[in-house]
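Let's take a walk through a protein model together.

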Amino acid sequence: MVRASSMDQMDGGGAGRRVKVVGKVERLDGQSLTYSEFVDRFMKPNLPVVLTGLTSSWPSCEDWTFAGPDDRRRPNLPFLAQNFSSPRVQVADCSAREYTDHKRLEMSMQEIVDHWVRNSNTVSSSGHCEASSLYLKDWHFVKEYPDYVAYTTPPFFVDDWLNMYLDSHPMHRDSDIANHKNEVNCADYRFVYIGAKGTWTPLHADVFRSYSWSANVCGRKLWLFLAPSQSHLIFDRNLRSSVYDINEDVSEKQFPEFNKAEWIECIQEQNEIIFVPSGWYHQVYNLEDTISINHNWFNAYNLHWVWNLLHEDHKVAKEYIEDIRDICDNFEALCQRNLAANTGMNFYDFFIFITRFVLANVIELYHVQEPEDAKVNSPEATHHYVYNLMQIREVASKMISAEAFSIENLCVISEGNRSAMSDVTKILKDDGFRRLWMTLSEAYECIRRGQRILYKVRYLNQKGCLSVTCSKSDCNVVDRITYFMREIRGPEDLVRLIDTALPER
């Protein structure tokens with residue numbers, strides 16, 4: 001982080017400075033940074049960074065933009081509307097507040113283009129639309145248009161358990177929750193954002209307290225960040241409500257410690273990618289008409305952030321309905337349904353999730369530790385899988401005491417949850433799990449080779465082992481796992497399985 005003492009007013013879209021800025025986000029050439037350096041300097045210590053030089057080959061940087069004044073690229077909205085005419089996309093009205101966010105609308109791409117044109121203060125070849133307050137957000141572009149490769153995820157971000165999982169599994173198994181599990185808007189956390197100069201995002205920390213990365217295809221953004229150690233300063237006395245807009249007149253009576261907060265800032269240019277760590281509150285402004293690509297993701301390095309959020313939100317959900325516990329047939333199930341509705345995931349969803357990653361990592365660890373079976377036997381590869389399993393073990397150990405995993409509550413969970421978490425043989429043969437295992441294996445091969453494009457294409461109907469590192473046609477790793485454990489009934493079983501896989505650690 002670069003220290004700074006400037007209190008100058010920033011240009012663009014209501015981004016006038018009212019807060020104390022004490023530093024700037026570090027900026028590095030992404031092509032000269034190794035994966036291990038990125039982990040050690042930013043991902044593991046949970047610090048933001050801007051990376052340059054990683055988007056030059058992206059088709060979206062050409063297709064979605066055209067040249068404007070001063071060699072600046074501008075959004076090519078007619079191209080997007082003509083080629084990607086999504087029936088409806090989510091749009092935020094930056095002039096209207098709704099609870100802790102902007103009011104959301106649904107529009108077609110053509111309607112958005114028409115709105116920009118109508119609201120342009122000046123008619124120019126650049127298509128610059130200064131008056132629009134509408135901001136297209138959370139467009140699940142990859143899911144809607146899988147055959148168009150708009151970009152390639154840089155190696156720093158491919159260890160993305162969240163989107164790996166959602167590409168092959170539903171988030172929810174409980175039929176009371178998963179009524180719309182096949183809808184695109186529940187399917188992944190890869191998004192495209194398109195906003196005119198002056199559009200913005202209110203102060204927030206990212207979903208699930210995940211990491212995120214955001215790449216500007218064109219345009220410029222101003223980011224203001226608050227470290228997790230200071231996040232309490234933006235909340236009210238009851239730690240329930242947080243500040244909505246840091247550049248409005250924040251009530252000192254409601255938020256008595258807000259003025260003590262120390263922020264760091266970043267102006268992100270076109271073709272730059274910013275890494276947003278877990279739990280960092282941030283507010284973002286578009287200083288020009290901007291298109292960005294954004295992923296939310298987590299892995300072993302921030303898995304504890306996800307569990308901590310679920311644990312805290314569960315306490316809130318439980319307190320909210322505590323007065324009906326005595327008249328409720330299944331109080332914990334109701335708490336879990338409310339948690340899923342409010343946070344996007346509940347304890348059972350999360351447990352099923354980490355169970356899959358334990359099994360996939362155990363399989364990969366087996367291969368790299370058996371030199372006669374493996375194409376790769378490196379300390380770096382071993383470290384990845386051991387670290388992943390140790391971090392999951394730490395989280396699973398904390399989950400053991402949760403009321404949701406008591407024998408009483410596990411006996412009455414939904415059939416969808418019970419089936420998904422118990423039979424190890426069934427899990428290992430499931431196509432969804434095989435797809436996840438294959439993707440995880442390829443991701444670490446991508447990291448090891450430092451490549452953006454994976455070197456080998458494999459298919460789910462391929463017989464035998466799907467691990468990139470496996471060289472045997474008759475691999476029996478699945479049999480080895482089921483020999484040690486046939487059923488996983490709760491977090492204690494998961495801990496035992498990890499301990500079996502890591503006997504000397």
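At roughly what angle do the axes of helix H8 and H9 cross? The answer is about a crossing of roughly 75 degrees, where the axes of H8 (residues 331-343) and H9 come within 8 Å. An angle from 65 to 115 degrees counts as roughly perpendicular, so H8 is roughly perpendicular to H9. On the H8 side, the residues that meet H9 are Glu332, Gln336, Leu339 and Ala340, and their partners in H9 are Phe347, Tyr348 and Asp349. Sort the residues of this contact and you get 4 nonpolar, 1 polar and 2 charged. Keep in mind that you're looking at a predicted model.

Now stay with H9 and look for another partner. Helix H9 (residues 347-368) also packs with helix H16 (residues 491-501), this time at an angle of about 10 degrees and with the axes 11 Å apart. Angles under 35 degrees count as roughly parallel, and H9 and H16 are therefore roughly parallel to each other. H9 brings Phe351, Ile354, Thr355, Val358, Leu359, Val362 and Leu365 to this contact, while H16 brings Pro491, Leu494, Leu497, Ile498 and Ala501. The residues of the contact of H9 with H16 come out as 11 nonpolar, 1 polar and no charged.

Next, zoom in on one residue of H9. Phe350 sits in this helix. Is Phe350 buried or exposed? Its relative accessible area is 0%, and buried means under 20%, so Phe350 is buried. If you skip the neighbours within four places in sequence, Phe350 is in contact with Leu303, Val306, Trp307, Leu310, Met345, Val395 and Met399.

Not counting residues up to four places away in sequence, Phe38 touches Leu33, Met43, Val49, Leu51, Phe156, Phe157 and Phe275.

Thr290 belongs to strand E17 (residues 290-297), and at 1% relative accessibility Thr290 counts as buried. A polar atom of the Thr290 side chain lies 2.7 Å from the backbone oxygen of Glu288. Further along the sequence, beyond four places away, the residues Thr290 touches include Pro75, Tyr193, Ile194, Asn216 and Arg220.

Tyr99 has a phi near 60 degrees, a positive value in a residue other than glycine. Tyr99 is in the loop between strand E7 (89-98) and strand E8 (101-107), and at 73% relative accessibility it counts as exposed. Asp138 has a positive phi too, near 55 degrees, but Asp138 is found in strand E9 (residues 134-139) and is partly exposed, with a relative accessible area of 21%.

Finally, zoom out. The protein chain has 16 helices and 17 strands, and buried residues make up 56% of its 505 residues. Of the contacts with a separation of 6 or more, 76% are between residues 24 or more positions apart.

Terms used. Residues are numbered from 1 along each chain as its sequence is written. This is a predicted model: local features need pLDDT of at least 70, side-chain atom pairs count only at pLDDT 80 or more; totals for chains, interfaces and linings use all residues. Side-chain values use heavy atoms; hydrogens and water are left out. Axes are lines fitted to C-alpha atoms, for helices over the stretch in contact, and angles run from 0 to 180 degrees between N-to-C directions. Helices (H or I, at least four residues) and strands (E, at least two) are DSSP runs, numbered from the N terminus. Angles under 35 degrees count as roughly parallel, over 145 as roughly antiparallel, 65 to 115 as roughly perpendicular and the rest as oblique. Contact means heavy atoms within 4.5 Å. Ala, Val, Leu, Ile, Met, Phe, Trp, Tyr, Cys and Pro count as nonpolar, Asp, Glu, Lys and Arg as charged, and the others, Gly among them, as polar. Buried means under 20% relative accessible area, exposed over 50%, partly exposed in between (1.4 Å probe, protein chains only). A polar contact is a pair of N or O atoms within 3.5 Å; within protein, one must be able to donate a hydrogen and the other to accept it, and residues adjacent in sequence count only if both atoms are side-chain atoms.
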